[in-house]
Structures are given as structure tokens and as C-alpha cells.
Amino acid sequence: MDAQADRQKLSLPVAALSSAQERDFELQGYGFDAAPEQLRRPRIVRVGLVQNKIPLPTDTAVAVQVAALHRRIEEIVEVAAMCGVNIICFQEAWTMPFAFCTREKLPWTEFAESAEDGLTTKFCQELAKKYDMVVVSPILERDEIHGGTLWNTAVVISNSGAILGKSRKNHIPRVGDFNESTYYMEGNMGHPVFQTQFGTIAVNICFGRHHPLNWLMYSLNGAEIIFNPSATIGTLSESLWPIEARNAAIANHCFTCPINRVGTEYYKNAFTSGDGGKAHHDLGHFYGSSYVAAPDGSRTPGLSRTRDGLLVVEMDLNLCRQVSDKWNFKMTGRFEMYADKLAEAVQPCFTPNIIRE
Ligand SMILES: NC(=O)NCCC(=O)O
């Protein structure tokens, strides 16, 4: 039997379920248990994963689009609060259309905001305080202190409303129409993890999902829950989606939370893919399917491929150490051997260890 079938359904408040229905988004809840221990109490936390379409056409005024996204997220977060969510994470670049496919600078760079005192961070600080909830807010960041550099950044806001810090996307796609290197730089902050009241969390943004060493480094820094806010399309990655984050949860003895936006975003000006094909007006269908995977390899079902949704997942973080003690991948990982070998392999003078007759 697929381990995903035995994730128990979480019973969610009727008021939350009816609000979700009224507000036209899917609401699902699941739970992961751990065995009782003698010396540690269960460490129960509820996480919320939000996936959504952009509510307005991409040629609406920038400020109007941002405000509409704020309103949409506010109504979903309100329902998350009814469900007792402690930590919530939104999708990659949640305040904007995923317009990097166009390669146009304006108006898309106008969606970039300061991670420290931009409108969106202030909005999230209010939500965090109001609902006593840690908020992970992935945005396009404009870093005025460093010449206005753009980054793809997740701002982590404590349930007190204080900004705990930020984490930047380490790996930038060079595939299909994901022309993100035209806009922002590779993250320069390494692999920060954030100690929150509810557990230790990290944010591995989108394309980092394909890089096992990226997951590993967040885990080595102590992350128990790694969020993976993403924007990806069916024709490109749907076959990888159920596997990569789930495998990372197993390999790193932690929970992983991949989140993908939904819908097809239409652009007025056509763009090409540099493959001789016809110019087109959209990047493709963002297939949602957000889910949570546990360190024991089980996972929740995914949210819808087409609808806005909130996935509420209760987990006992004691499961991380319990699975680690069973499988010991951190003990058996031989990281010292790989550290040496990788240091050699990245040198220009490296010669592969191939034995020939
Ligand atoms: N947002 C982003 O990095 N997308 C790239 C495609 C993928 O990773 O599936």
C-alpha cells in the first residue's frame, strides 16, 4: 500500500470548511503522528501551505494586482487561523505574475520590494501578529543597500510580528521559458534556518528542489521543516514533482513542503522560447498539487491541479529524530569523504577517477 494512503485526515472546524467553500478555495487537512517518547513531549505543529492563481489579468496596474493578491491571501490566512495553523508559507513570488518568461523588464521589476520594509512584509507582519502565526513570504526582493540588486527571497516573519530573517533562492533555472537569470541573482546567503517557537524551518526556493545538496545543507543546519515555494508547469516538471521533495524528506530525516501556484498566466506581448517555435502568450499551466512529505517517506495527497487551496498539516516533529535514529543517514552519510572528493572535483585540474584497461 502506498504510504500516502495512511495519512489520517485532520478534522477541521466546520466554520473553516464553509468559509473556504464561500471563498472558493480547496481546504484539506492531514496529520502525521510520531511514537510516544519518555523524555520528550510530542512537538505538535500545524503548517499551512497556500497555492493560488493570480486574481487579476497581468496587464492590470502593478499596485492593483499586489493589493488584490494581498486581499486573496488575507482571506485564506484567516481560514488557516481558524484551523490552528502555526506556520504558513505562500507560493514563490506570490505578489506577482510569474512574468520572468517574458524577458521584459517593465513593469515586472516594479513588483520587487524591500524584504525589510516593503508593503508586503508589513502586510505579513500584521497577519503574523494578528494570528500568532509564523509567515513565510516569498517575494521578488529589491535590495537598495546593494545597488538595487534583485533577488528571489523568502522573508520569514515570527509569530510575534518581528522579521526573523530572509533566505534567498540559491539555484536559478536555465530551462525552457524560465528566464529568471534575466532578472535576479543567485542567492548569497547560504542555507539559513530559522528557530521559531514551533520548530526549526528553512526555505528551499523552487529550482533548489532539483539539487540534493541544497536540501542537505538546510538539513545539516538543523531544519526540521523545509518549505519549497515554487512556480512550475506541467509540461516541464510534473513527473518530478511527487518524487523530489518526498525523496528529500527521506534523505534528510525532515518534513518537506513543496508548494506550486495554479493557473495559466496570459501576457499581452508574445514571447519566444528561442527554439524556432512560434511566439506565445503564456508560460504554461501551473499545476498546483502542493503536498507535505514526512521523514518516514509517507506523504499527504496533493491539493488540486487547478484550484486555489490551503493544505493544513499537523505533524509531530519528534518523528524527525525517530526516523533519524532508525536509518542514521547523517551517521552513515560519509560527508567527510564527499567533502574531500567534491573539493577535488570542482578544481579545473580535476581528472575523473576512471580505470581503463
Ligand atoms: N521557479 C522556478 O525556478 N521554476 C523552474 C522550473 C522547475 O524547477 O520546475
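Which residue in β14 is the bridge partner of Leu27? In the model described here, that partner is Leu310. The model is predicted, with local features requiring pLDDT of at least 70 and side-chain atom pairs counted only at pLDDT 80 or more, whereas totals for chains, interfaces and linings use all residues. Residues are numbered from 1 along each chain as its sequence is written. Helices (H or I, at least four residues) and strands (E, at least two) are DSSP runs, numbered from the N terminus.

The pair Leu27 and Leu310 belongs to an open sheet of eight strands, arranged in the order β1-β2-β14-β3-β4-β5-β6-β7 with mixed pairing. Strands are taken to pair if DSSP finds at least two bridges between them. β1 (8–9) and β7 (163–168) each have a single partner strand and stand at the edges, so one side of each is left without a neighbour in the sheet. Seven bridges link β2 (residues 26–32) to β14 (residues 309–316) in the parallel sense. Helix α2 (residues 62–82) lies across β2, β3 (44–51), β4 and β14, and runs at about 35 degrees to β14. Angles run from 0 to 180 degrees between N-to-C directions, and axes are lines fitted to C-alpha atoms, for helices over the stretch in contact.

A further open sheet has four strands in the order β8-β9-β10-β11, again with mixed pairing. Its edge strands, β8 (194–196) and β11 (255–260), each pair on one side only. From one strand to the next, the twist averages 25 degrees. Strand β10 (residues 225–230) and β11 run parallel and are joined by six bridges; Phe227 stands opposite Cys257 in β11. Helix α6 packs on this sheet, touching β10 and β11, and its direction makes about 155 degrees with that of β11.

Helix α6 (residues 241–252) also meets helix α4 (residues 212–220): their axes come within 10 Å and cross at roughly 45 degrees. This angle makes α4 oblique to α6 (under 35 degrees counts as roughly parallel, over 145 as roughly antiparallel, 65 to 115 as roughly perpendicular and the rest as oblique). In the contact, Pro212, Trp215, Leu216 and Ser219 of α4 meet Ala248, Ala251 and Asn252 of α6. These contact residues comprise five nonpolar, two polar and no charged. Contact here requires C-beta atoms, placed from the backbone, to lie within 7 Å.

The ligand is surrounded by Glu92, Pro173, Phe178, Cys206, Phe207, Ser230, Ala231, Thr232, Leu236 and Ser237, a residue being counted as near if its C-beta atom, placed from the backbone, lies within 6 Å. Six nonpolar residues, three polar and one charged make up this shell. Ala, Val, Leu, Ile, Met, Phe, Trp, Tyr, Cys and Pro count as nonpolar, Asp, Glu, Lys and Arg as charged, and the others, Gly among them, as polar.

Most residues other than glycine have a negative phi, and most peptide bonds are trans.

Terms used. Contact = placed C-beta atoms within 7 Å.
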